Each structure stands twice: as structure tokens, then as C-alpha cells.
Amino acid sequence: MSRRLAANIKNDHLACPICQETFTDPRRLPCDHTFCFSCLKQLIKASRKNNTIRCPIDRKETHAPFANASDYHWAESFPKDELALSLLQTVQGEGAETTSGIVCREHGGETCGYFCFGCYEFACSECVLESHKQDDCDCRTLKKSKELSKELFKDRKTELDELLKTIDRMEIHGKVHERSLRTSEVRVSDSLHLIAAQIEKFRDSTISKLINMLTQIENVSVTKNKIDQAKMVKEKIKIYRKQVDYVHQKTDVREILTSLQVLRKRIHEFTEDVCSLETSADSVELHLQIHPELVNICQRLGKYSSEIGKLQVTTVQEGLQLYEESQADINGKKISFDVDISGHDASTFECLLELNVSEGNARDDRTKQSSFSDVVLISHSLFGVDQNNMKILRFTDRGEPISSIKLNSAYSISVIPGTDDVVVTQPGCQRVTVLSTHKGLDVKETIPVHQAYYKISAITETKFAVVCENSSSDNREKQKETIKTKGKMATSVPESMSSWFVHVIDRQGHVVLKVSDDTVCKPSVYGPPYIKPLKQLAVTSSGDIVVSVETRDHSFLSCLSQGGKVNWTYEPVGKPEGIFCRDGILFVFLGDSRTLLTMTEDGHLLPRCSIKLQHYQQSGHAIFVGQDIVAVTDLSDSINLFKIDKSNISLRR
């Protein structure tokens, strides 16, 4: 910087208005006028009035920072003028050691020794005085800019990190939105195919019935056929009449008598033909009677416009609700079709084996036909509970028999987690038996209980969830009282009436949790014939218990927490039969539609939630889902195995 310029800057911009000397510790008033610290202190001392002073230049008032502040503390409260200090350093040569090496474009002979953090530009001393006077300008020497720039770099890095996090969130939301879009695409496509399938079914059924009516018309309309038959009979009689005239002219007695004998027979045949052609004297007409609903449908179709609907694109705030295979999303409502109407993209598990125990097995008179009430898989072995013959049978996964063990009134079986052992209920004996499957089938432990336990599912190695029955007299009195409180007449309660409970028992048979059917399903009507409300159960990975429930009016699933409270309920389109939990997925067999439904453990349907089991048309009383195989039985003498298609989207959570 030239000496002349430095002198001009000192005289014009760095001189105190009070002492007219170069600034010493310059302090800036709120009105942006700067004074030396000592001059400002003298000003306060000389002119303060009611804790107020006036600027010597523009006469604006400034108040003390607090009441009775000393002159020193008042003057000290004003901020230093950083720009004046930096200019002082520059004109006095203190900032020459830190220069940018950048020549100022506005002032060609000057080197930029400042950086404005408001404009983010390099500036020379003249630019600072001329162009960087705005309120948001913050000019610093390069030496002081170094520390501030490091702090700002940290802030910018934080901003960049926040932007990256925002992009990550956007990507996650984008994936969620894409998944929602794909789900809605499948749902809309399935809905259209379901409508088409329902129309096709209606069309085929209606055409079949119309063809039957046409056949009836052909059977009734016989008048024209009889007229044609009458002409044929008439021609036959005329021909034979001529033959009779010819014979009548003969003179040979033998020939005449022979012809007379044949003539009698012929007249009898012609008489029968004529009688068969006789019709009622009344005329016959046909009248068409069609069901009024079909007439209304036909009339509506005749007036129907060419437009059948519109495909709308809408923004949703929450996740899309998934639908079962026989449900469609139409006009924003969930519509259920017939259970045998399926979506076009229904998944199918291939049938691997149908194990029929009765076929090819010789049985003596004491052996009954097998009836499998439950089934499990351990490694490559299949275990079935034959309740009719009170046996546990072991097979290979190819259906070859290995071994068996006799267990009186055996009903349900479950694999104990972390072991090769299984636990079996024996409701008729009121006990639970633990079997070892390591080498053969051996009784490892017998647990006496006080109720009849039916379906069982192991929670841990030491806790089991069971469905049990209680038919005590106290229970009947309780049910009678329940009926009375509902305003129904109850003079007697059947002796066979029972309550059903979900129990959690330990390895000693002690009940650690008890949940009644009233808590789970609250049946609305008691009395014969009483429907068993609690059918099947399964344990989730978190230890919750999912129960298959059937009352008089509803069939649904109910999930119980470990404390015995109902977490959620779900009522599917079909009747839930066998249920099983594996790897966070709940598998439910719907007996009406012969469909395997897949859900999350918190009660939400999975995408493409419905799976068909190839060629399987039974009830699916009990199911077991292994690593690669689904085993299904239906209280018959057969067990069916199906291969799990792991690429199926329905198995992805």
C-alpha cells in the first residue's frame, strides 16, 4: 500500500471524531459511529444523564447496559470496531505478512489482503472502504480469516452431512413409495382380474342354464315331429290297403286265410301307431319365466355406457392396505368375491408328496383307519399324530416309515426349540409327554396336568402354550350366569357345555398364564350345539400366542401378548384352520378357499399374501412350515408335503 493512500485512510477513516487522533482501541456505538475507548469513557463521564448519553455526531441516545454502571464498564460494553482495527493493522504494516497474492480487479495496483465473509470475496483495503459497507459484510484480514474459515468449514461439512442424510431418507422414502406403488399396481391389477373372473363365472353359469332351458324346449316341442310321423304311418296304411285289395281278388282259400292272419297283426300295429300320435285337443304354448334379478341385469346391461370406470392416481398419507386373494379394491372399498374366484397372480407351492398310510398297509381287525391330527418336521424326518390308533409315527421326508410309539389319546405335537425333542398332548389321560427323537422315539419325560390339553405349541424349552377344556360344574354355573346377564332365558345349561382356555404351563405342569375364551373371542350365544371356539394356536418369535377362533357368527385370529392381553385380531375371508409361525411370518390355512395366507406377526398381510397348494382340496386341519417344506394334514389318513418357493414375494417381510 502506498504511503499516500495509507495517510489518506488514517486521516479520513481512522481518526477519532473527539480527539482527532488515530484510533486507539476503537469502540462502535449502536449508531455505527466509532470512538477511542478513552474518549468514549470521558464522553460518558461528562455527559451521562439518567444513564443515557448522546452520540456527538448524530445525537442519538444510548442507554447504559445496567443501572449505575461505571464509566469504565459502560465504555467496555461497546463492541470493538473490527474493520477499523484491521485497517489500522494494514496501514501500519502489521497485515503485510499475510496476503492472498491476488491482484484487485477494481484497483489494479493493490493486493487483496482482506476477505469479506458476507460477500465471500477477496478485497483490497480500498474495496473494504468503498464496496463493503453493507450490514451483512464482515471483512477480515487474511490472518484473522484463517481461524474463522476453519470454523465455517466445520459448519459446511455439517450441512453437507445433513444433505446426505436427507438424501438417504429420501431414498428410503422413495423405496417405500415405490413399494407402495408396486403394491397398488398388483392390487388394482388383481381387482380387475377378479372382476373379469367373476363376470366369466357368471357368464359360464348363465349360459349353461340357458342351454339346459333350450334342451327343455326341444323336449317339449313335439307337435311338428308327430305330424311328420303321422304322414309316414298314413303312407304305410295306404300301401297295405292296396295289398289287401289285391289279395281279396284271389280265389285260393289257403292264400286268402294266410293273408287274413297277417292282416290282423298289421291292423293291431297300425292302431298302436295311430294312438301314439293322438294329442290333446288343447293347443300347447311355451312361456319363459326368468328370475327378476337376471332381467334387471339384462336391462341394465342394455343401458350401460361404454365407460366402465377410471384409473385414478392419488397421494396417500399412510401405507397401502393389502388384500386377500379373493378381495378386490373397488371404489375405495374392500369387496369380497366367491372364495373360488382367484387373482391372476396367485402363487402356488408345488406338491412333493402325498403320504397315504392306509394304502398298501396290511391291518388286523384291531387297527383302525389312521386319522392324523397334527404333524411336525425335524431335519429329514416327518412325525404324525395318528389319534385313531393312538400312535406317533415317524417317516422319512420321502414317506418311508421308520418307527412308531404308542401314546394313549395322543392329539397334538410340537418341536421344543433348540432341541430334537417333541412334546405331545394326551387330553384323555390329562398329561403331556416329552419324546426324544435323537435315535428312535423314546419317552423322556411325563408331565401330569389337571385339564384336558389339546393343541400345543412350545414357547421355550421350559414353557408350552396349550388349548385346554374345562367342563366343571362351576364353569357351567358361570356360563348360565353369563347368559342371564345377556337377557336370555337359561333354565338349564347342557352338561356337555365347556369353556376353553389358553394356558401357558411350565415343565412341571404348573399354569403360569390363563386366558379364557371370553377374553379371546367373547362368544355371543351359548348352548347346544356348542362350537369349540379355540381351535389351533401358534407361538410367534417374540413369544406371543396366535389363536384360531371359531364362534357361531365369526371365524378369526386373535393374538395374545405374554401378559394375556389381546394385541390384535384379524378376520379373514375364509375360515382359519391350521396356523404356524416361522421366521417372523404367520401362515394360516383357510379351509373355505383352500388357500395358505401369509401375514406378519403383528397382524398385517404380506404382499401377494395368498398361496395355493397344488392339487390340495382338503380342510388343512394342521400345518407345519419347515425350512423348505410345508406339511399339511386334515384328520384323514394322508399327509401332504409341498415345496416352498423362496423366490415368492409373499415370503419377504
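1. Let's start at Asp25, which sits in the loop between helix 1 (3-13) and strand 1; helices (H or I, at least four residues) and strands (E, at least two) are DSSP runs, numbered from the N terminus. Its phi is near 50°, a positive value in a residue other than glycine. Most residues other than glycine have a negative phi. Asp25 is partly exposed, with a relative accessible area of 29%; here buried means under 20% relative accessible area, exposed over 50%, and partly exposed in between (1.4 Å probe, protein chains only).

2. A word on the ground rules. This is a predicted model, so local features need pLDDT of at least 70 and side-chain atom pairs count only at pLDDT 80 or more, while totals for chains, interfaces and linings use all residues. Residues are numbered from 1 along each chain as its sequence is written, and side-chain values use heavy atoms, with hydrogens and water left out.

3. Ser379 is another one for the phi list: its value is near 55°, again positive in a residue other than glycine. Ser379 lies in the loop between strand 11 and strand 12 (381-386). At 70% relative accessibility, this serine counts as exposed.

4. Now the overall picture. The protein chain has eleven helices and 33 strands, and buried residues make up 40% of its 653 residues. If you take contacts (heavy atoms within 4.5 Å) between residues at least 6 apart in sequence, 49% of them join residues at least 24 apart. The chain exposes about 39,400 Å², with carbon and sulfur atoms supplying 50% of that; accessible areas come from the Shrake-Rupley method with a 1.4 Å probe, and for residues only the protein chains shown count as cover.

5. Helix 2 (residues 37-47) has two faces worth a look. Phe37, Cys39, Leu40, Leu43 and Ile44 are buried there. They cover an arc of only 160° around the axis, which puts them on the same side of helix 2; the arc is that of the directions from the helix axis to the C-beta atoms. Lys45 and Ala46, on the other side of helix 2, are exposed. The cover over the buried residues includes strand 1 (26-28), strand 2 (34-36), strand 3 (52-54) and helix 3 (71-77).

6. The C-alpha atoms of Asn50 and Asn68 are separated by 9.2 Å, with the two residues 18 apart along the chain.

7. The largest nonpolar core has 42 residues, and Leu382, Ile392 and Leu596 have the most contacts inside it. Strand 11 (residues 372-378) gives the largest share of this core, five residues. A second, separate core of 32 residues includes Phe23, Cys104, Tyr114 and Cys127. By core I mean a set of buried Ala, Val, Leu, Ile, Met, Phe, Trp, Tyr and Cys residues joined through side-chain atoms within 4.5 Å.

8. What about salt bridges? The whole structure has 18 of them, each a side-chain nitrogen of Lys or Arg within 4 Å of a carboxyl oxygen of Asp or Glu. Asp71 and Arg48 meet in one through their side chains (2.9 Å, N to O). Asp71 lies in helix 3 and Arg48 in the loop between helix 2 and strand 3, so the pair ties together parts that are 23 residues apart in sequence. Arg48 is partly exposed, with a relative accessible area of 26%.

9. Asp421 forms a salt bridge with Lys444, the closest N and O atoms being 2.7 Å apart. This pair links distant parts of the chain, with Asp421 in strand 16 (residues 421-426) and Lys444 in strand 18 (residues 442-448), 23 residues apart. Asp421 is buried, at 8% relative accessible area, whereas Lys444 counts as exposed at 52%. Elsewhere, salt bridges that share partners join Lys535, Glu550, Lys575 and Glu577 into one network.

10. Last, helix 6 (residues 142-220), which holds Ile167. Leu164, Ile167 and Met170 make a nonpolar surface patch of about 310 Å². Patches are made of residues with over 30% relative accessible area and no salt bridge, joining like charges within 9 Å and nonpolar side chains (Val, Leu, Ile, Met, Phe, Trp, Tyr) within 5 Å. Ile167 itself counts as partly exposed, at 42% relative accessibility.
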